[in-house]
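Trainee: Could we go through this structure together, one question at a time, before I set up any calculation on it?

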Amino acid sequence: MSGSHRTPSRPRRALSRRGKIVAAGATVAVVAAGTLGYFALFPERAPAFVRTAIEKVGLGDVLPPPPPPACPLTGVEAPGGEIPSRPALALKVENLPEARPQAGLQSADIVYEQPVEGGITRFIAIFQCAGSERVGPIRSARAADPEVLSQFGTAVLGYSGANATVTRIVERADLVSLDETSGGEAYTRDPSRASPHNVYAGTASLLRVAKAGHDAPDPVFVFADEIEGPSRKAAQVHLPFSSSYGDVYWSWSRRIGSWMRAHGQEPHLVEGGEQVSATNIVVQVVDVTASDILDAAGNPSPEVELTGSGKAYVFRDGRVIVGRWERESAEDLTRFFGKDGSEIALAPGRTWVELFPSTAEITFTK
């Protein structure tokens, strides 16, 4: 009957399809608007094409400016709002008592401490955003240096002398090598200091001699303002590299928000009387064995294993994060992971990396 006549099913299905299209379009519009709104509030998280779209639809005026660029090796705001277009510069700095007080350590972005012969340690002071007119005393290179520095792109390495075998290793590496001969006028000898603890150089002078046109290195650490993941309090760290020359203590100063360094009970001072300090202390526990390379006194040079994995301790903000380090090959970065598997973030600032022998025992107290 005509009263019970229904609309044919085919047109009804077509109408349903059109409804779905309209509904889907409305949903997309809502999602797109929400996405633009989200990125308008958090522009630093927006891809470049999204920022362009936001500006085209008239939201550009309400967008806050992007965050200033950060120094790649420290995570702090770049001086003058621009990352210097220069490579990482590494200088080998001596750590015998006769070498103290050293110059330039407080200006370095990163400092590595490595075990060398006779129970002493030596520093690799790395500069990129920062610089110093005087760094030293500068001493000889070691076989492990190129493997440390391969994480920093094509770095410049400044040093004073090396064993013949080490020299060949350095010269074959992908870095710019500047010893006292090739560095020429960039190096000076301080007549007030006894030889061989009297070789110094300025970072700007070495970069001029190197004629390094390389770009800034990529970051080697992850940075965050707050600790992410489990941690516990730590007020002092003891790293007994050796009882004679390398009994290292780091103590947390809440007043200045930094770790303060000492050798035994004696504060580690730089020229001018300032105590050595750091925002982060990264203890990378490594296997150290005797190599076939001998120093002038006949002591075997330690061979440091920098690939593979091992224990790690990251000290920041008066706390310690216990975890592991991993590095598959010399072409990879060394990465640090907490016990929960997440990558450990450092606080923005200067970092000291302690390449600490696995045969010694690290202790830390609350």
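Trainee: How many aromatic pairs does the ring-centre rule give here?

Mentor: Rings are paired if their centres lie within 6.5 Å. Applied to this predicted model, the rule gives a count of ten aromatic pairs.

Trainee: Which geometry class does the pair of Y112 and F152 fall into?

Mentor: The ring centres of Y112 and F152 are 6.4 Å apart, and their planes meet at 85°. Planes over 60 degrees apart count as edge-to-face. The pair of Y112 and F152 is therefore edge-to-face.

Trainee: How many residues apart in the chain are Y112 and F152?

Mentor: Y112 belongs to strand β2 (residues 110-115), whereas F152 sits in the loop between α3 (145-149) and β4 (156-158). The pair thus links distant parts of the chain, and the separation is 40 residues.

Trainee: Is Y112 buried or exposed, and is F152 buried or exposed?

Mentor: The cut-off for a buried residue is under 20% relative accessible area. Y112 has 5% relative accessibility and so counts as buried. F152, at 2% relative accessibility, likewise counts as buried.

Trainee: What class does the pair of F221 and F336 belong to?

Mentor: The centres of the F221 and F336 rings lie 6.5 Å apart, with the planes at 45°. Planes under 30 degrees apart count as stacked and those over 60 as edge-to-face, with the rest tilted. The pair of F221 and F336 is therefore tilted.

Trainee: How far apart in sequence are the parts that F221 and F336 tie together?

Mentor: F221 is in the loop between α6 (203-210) and β8 (222-223), while F336 is in strand β20 (residues 335-338). F221 counts as buried at 11% relative accessibility, and F336 is buried with a relative accessible area of 7%. The parts tied together by F221 and F336 are 115 residues apart in sequence.

Trainee: On which side or sides of α6 do its buried residues lie?

Mentor: The buried residues of α6 are T203, L206, L207 and A210. They cover an arc of only 100° around the axis, which puts them on the same side of α6.

Trainee: What covers the buried residues of α6?

Mentor: The cover is made up in part of strands, and the following elements are included in it. They are β1 (89-93), β3 (121-127), β4, β5 (176-178), β6 (187-189) and β7 (199-201).

Trainee: Which residues does T203 touch, leaving out those up to four places away in sequence?

Mentor: T203 lies in helix α6, and at 8% relative accessibility it counts as buried. With residues up to four places away in sequence left out, T203 touches L89, L91, F127, G131, S132 and V135.

Trainee: Which residue with a positive phi follows α6?

Mentor: The phi in question is near 50°, and the residue that comes after α6 with this value is K211.

Trainee: What is the handedness of the link between C71 and C129, and how far apart in sequence are the parts it ties together?

Mentor: The angle about the S-S bond is -100°, and the link of C71 and C129 is left-handed. C71 lies in the loop between α2 (48-56) and β1, and C129 in the loop between β3 and α3, so the pair ties together parts that are 58 residues apart in sequence.

Trainee: What is the C-alpha to C-alpha distance between I124 and V353?

Mentor: I124 lies in strand β3 and is buried, with a relative accessible area of 0%. I124 and V353 are 229 residues apart in sequence, and their C-alpha to C-alpha distance in space is 9.6 Å.

Trainee: What share of contacts between residues at least 6 apart in sequence joins residues at least 24 apart?

Mentor: The chain has six helices and 23 strands, and 45% of its 366 residues count as buried. Among contacts between residues at least 6 apart in sequence, the share that joins residues at least 24 apart is 61%.

Note on methods. Residues numbered from 1 in each chain as written. Predicted model: local features only at pLDDT ≥ 70, side-chain atom pairs only at ≥ 80, totals over all residues. Heavy atoms only, no water. Phe/Tyr/Trp six-rings, centres within 6.5 Å; stacked < 30°, edge-to-face > 60°. Helix = DSSP H or I, 4+ residues; strand = E, 2+ residues; numbered from the N terminus. Buried < 20%, exposed > 50% of the residue type's maximum accessible area, 1.4 Å probe, protein only. Arc of directions from axis to C-beta. Contact = heavy atoms within 4.5 Å. Disulfide = S-S within 2.5 Å.
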